[in-house]
Amino acid sequence: MENMEKYKDMAIELIMSYGPKFLLAILTLIIGFWVIKGILRTMRKAMEKRNMDASLRPFLLSLVGVLLKVLLIVSVMSMVGIAMTSFIAIL
């Protein structure tokens, strides 16, 4: 019974210390994806307005989208406290 209380206290302590960071990271991720979507929409309209080659548009939009999403995910991981070295070790 004492072990159960000990684990319960540890769980509460972990939630109190990492909970706000985790919620802020989730919020940042959601807002970040929304902003990236807006950026890509604006880029698409600008490319169409300037009559950029139709075969080049999807490539550039994908490239920029992937780069922005990678930067966002790395930023969110650092907010939570996951070091890039441990992430690379997982891969």
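1. A helix here is a DSSP run of H or I with at least four residues, and helices are numbered from the N terminus. Please keep in mind as you read on that the model is predicted.

2. Let's start with the whole chain. The protein chain has three helices and zero strands, and its pattern along the sequence reads α-α-α. Helix H1 covers 2-49 and helix H2 covers 56-80, with a loop between them.

3. How much of the chain is buried? Of the 91 residues in the protein chain, 13% are buried. The accessible surface comes to about 7,600 Å², and carbon and sulfur atoms hold 72% of that surface.

4. Among the contacts in the protein chain with a separation of 6 or more, 64% are between residues 24 or more positions apart.

5. Arg 57 is buried yet has no salt bridge. The nearest side chain of opposite charge belongs to Glu 48, 4.2 Å away. Setting aside neighbours within four places in sequence, Arg 57 is in contact with Met 47, Glu 48 and Met 52.

6. Next, find the loop between helix H1 and helix H2, where Asn 51 lies. Asn 51 is not a glycine, and still has a positive phi of about 55 degrees. Is Asn 51 buried or exposed? Asn 51 is exposed, because its relative accessible area is 65% and the cut-off for exposed is over 50%.

7. On the surface, look for a patch of positive charge. Which residues gather there? They are Lys 37, Arg 41, Arg 44 and Lys 45. One of them, Arg 44, lies in helix H1. Arg 44 counts as partly exposed because its relative accessibility is 39%, between the 20% and 50% cut-offs.

8. Finally, there is a nonpolar patch on the surface. Leu 24, Leu 27, Ile 31, Trp 34, Val 35 and Ile 39 form this patch, and together they have about 600 Å² of accessible area. Val 35, one of its members, sits in helix H1. With a relative accessible area of 39%, Val 35 is partly exposed.

Methods:
Residues are numbered from 1 along each chain as its sequence is written. This is a predicted model: local features need pLDDT of at least 70, side-chain atom pairs count only at pLDDT 80 or more; totals for chains, interfaces and linings use all residues. Side-chain values use heavy atoms; hydrogens and water are left out. Helices (H or I, at least four residues) and strands (E, at least two) are DSSP runs, numbered from the N terminus. Buried means under 20% relative accessible area, exposed over 50%, partly exposed in between (1.4 Å probe, protein chains only). Patches are made of residues with over 30% relative accessible area and no salt bridge: like charges are joined within 9 Å, nonpolar side chains (Val, Leu, Ile, Met, Phe, Trp, Tyr) within 5 Å. Accessible areas come from the Shrake-Rupley method with a 1.4 Å probe; for residues, only the protein chains shown count as cover. A salt bridge is a side-chain nitrogen of Lys or Arg within 4 Å of a carboxyl oxygen of Asp or Glu. Lys and Arg count as positive and Asp and Glu as negative; His and the chain ends are not counted. The place of a charge is taken as NZ of Lys, CZ of Arg, CG of Asp or CD of Glu. Contact means heavy atoms within 4.5 Å.
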